[in-house]
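Hello,

Here is the structure I promised to pass on to you. Have a look at it first, and then read on for what I found in it.

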Amino acid sequence: MPKVKFKDTGDEVEVKAGTPLKDVARDNGWPIAFGCEDGVCGTCLIEILKGKENLTPREEVEFQTLDMMCMKDQKHRLACQCKVNGDVEIKGM
């Protein structure tokens, strides 16, 4: 099972492949804010420290939002738009 590590708290949890990252954050009480949950507001911006290849690819809405935030690099994502398919380490913004 994939592991998700949250750098801010040091917590690490195992999740079922395909689990939305927003569910992992909520279920574990991680301090990531969620606004619209549609990839438009940018509230749930996170930094991927390890395992970016283990998250689902960006879709157009997320890409546009990150572009507007000047965060279109490969290390930032919106937690509401990611599903976990392998080990990943994240940090809140």
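Glu 47 touches Lys 75, His 76, Glu 89, Ile 90, Lys 91 and Met 93, leaving aside residues up to four places away in sequence; contact here means heavy atoms within 4.5 Å. Please keep in mind that this is a predicted model, where local features need pLDDT of at least 70, side-chain atom pairs count only at pLDDT 80 or more, and totals for chains, interfaces and linings use all residues. Residues are numbered from 1 along each chain as its sequence is written, and side-chain values use heavy atoms, with hydrogens and water left out.

Glu 47 sits in strand 4 (residues 45–50). Helices (H or I, at least four residues) and strands (E, at least two) are DSSP runs, numbered from the N terminus. Glu 47 is buried but has no salt bridge. Buried means under 20% relative accessible area, exposed over 50%, and partly exposed in between, with a 1.4 Å probe and protein chains only. A salt bridge needs a side-chain nitrogen of Lys or Arg within 4 Å of a carboxyl oxygen of Asp or Glu. For Glu 47, the nearest side chain of opposite charge is Lys 75, 4.1 Å away; Lys and Arg count as positive, Asp and Glu as negative, and His and the chain ends are not counted.

Five strands form an open sheet in the order 2-1-7-4-5, with mixed pairing; two strands pair if DSSP finds at least two bridges between them. Strand 2 (11–14) and strand 5 (76–78) are at the edges with a single partner strand each, so one side of each has no neighbour in the sheet.

Strand 1 (residues 3–6) pairs with strand 7 (residues 88–92) in the parallel sense over three bridges, and Lys 5 has Glu 89 as its bridge partner in strand 7. With strand 2, strand 1 pairs in the antiparallel sense over four bridges, and Lys 3 stands opposite Glu 14.

Finally, Leu 78 lies in strand 5. Leu 78 counts as buried because its relative accessibility is 0%. Its contacts, again without residues up to four places away in sequence, include Glu 62, Thr 65 and Leu 66. Leu 78 and Thr 65 are 13 residues apart in sequence and 8.8 Å apart in space, C-alpha to C-alpha.

Best wishes
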